[in-house]
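Please consult the sequence and the coordinates alongside the points below.

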Amino acid sequence: MKPDTRLSAMLHLLLHMAERENPVTSEELARYMHGNPAAVRRTMAGLRGAGIVRSGKGHGGGWTLGRPLSEITLADVHIALGAPGLFAIGSRTPQPSCLVEQAVNASMQETLGEAERLVHARLRSITLASIDADFRARLAQHPTAPKEHRHV
């Protein structure tokens, strides 16, 4: 199963947007991701609905942040993307008649439920401002990093 990389991609784009004083077009954002502008617009629409970004049309239009980085958590972005599943692991048979498989399913559900609660708590505790601070610390350690590695 191919991993869902939209959360990582959107975090990347949001941090690039924070570096810009003017709106960023879907075409520009797509270049950061080596992707398609239409796909960027579709994905950003969910973030707009959650108030994470705003969009403007016409000349000078594009995407801007809807609130400060310190007020956007990874959980906010995850939820705006439709809260995609965190794990590809699942039960072989959801309603098995076999008692062994019932015991296996119960153990798996308990374990995965606990793991999801921990991941969601962690996503709620991390803001984009903290990721931005990490980026800036890395940049300070590598002031001569090539522009394509900094995107700023």
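At roughly what angle do the axes of helix α2 and helix α3 cross? In this predicted model, the axis of α2 (residues 26–33) crosses that of α3 (residues 37–49) at roughly 105°, and the two axes come within 8 Å.

**Helices α2 and α3**
- Angles of 65 to 115 degrees count as roughly perpendicular, and α2 and α3 are therefore roughly perpendicular to each other.
- On the α2 side the contact is made by Ser26, Glu27, Leu29 and Ala30, and on the α3 side by Pro37, Val40, Arg41 and Met44.
- Sorted by class, this contact of α2 with α3 comprises five nonpolar residues, one polar residue and two charged residues.

**Helices α1 and α6**
- The axes of α1 (residues 6–19) and α6 (residues 128–141) come within 11 Å and cross at roughly 75°.
- The helices α1 and α6 are therefore roughly perpendicular to each other.
- From α1, Leu11, Leu14, Leu15 and Glu19 meet Leu128, Ile131, Asp132, Phe135 and Arg136 of α6.
- The contact of α1 with α6 has six nonpolar and three charged residues, with no polar ones.

**Surface patch**
- A nonpolar patch on the surface is formed by Phe87, Ile89, Val100, Val104, Met108 and Val119, which together have about 480 Å² of accessible area.

How values were computed:
Residues are numbered from 1 along each chain as its sequence is written. This is a predicted model: local features need pLDDT of at least 70, side-chain atom pairs count only at pLDDT 80 or more; totals for chains, interfaces and linings use all residues. Side-chain values use heavy atoms; hydrogens and water are left out. Axes are lines fitted to C-alpha atoms, for helices over the stretch in contact, and angles run from 0 to 180 degrees between N-to-C directions. Helices (H or I, at least four residues) and strands (E, at least two) are DSSP runs, numbered from the N terminus. Angles under 35 degrees count as roughly parallel, over 145 as roughly antiparallel, 65 to 115 as roughly perpendicular and the rest as oblique. Contact means heavy atoms within 4.5 Å. Ala, Val, Leu, Ile, Met, Phe, Trp, Tyr, Cys and Pro count as nonpolar, Asp, Glu, Lys and Arg as charged, and the others, Gly among them, as polar. Patches are made of residues with over 30% relative accessible area and no salt bridge: like charges are joined within 9 Å, nonpolar side chains (Val, Leu, Ile, Met, Phe, Trp, Tyr) within 5 Å. Accessible areas come from the Shrake-Rupley method with a 1.4 Å probe; for residues, only the protein chains shown count as cover. A salt bridge is a side-chain nitrogen of Lys or Arg within 4 Å of a carboxyl oxygen of Asp or Glu.
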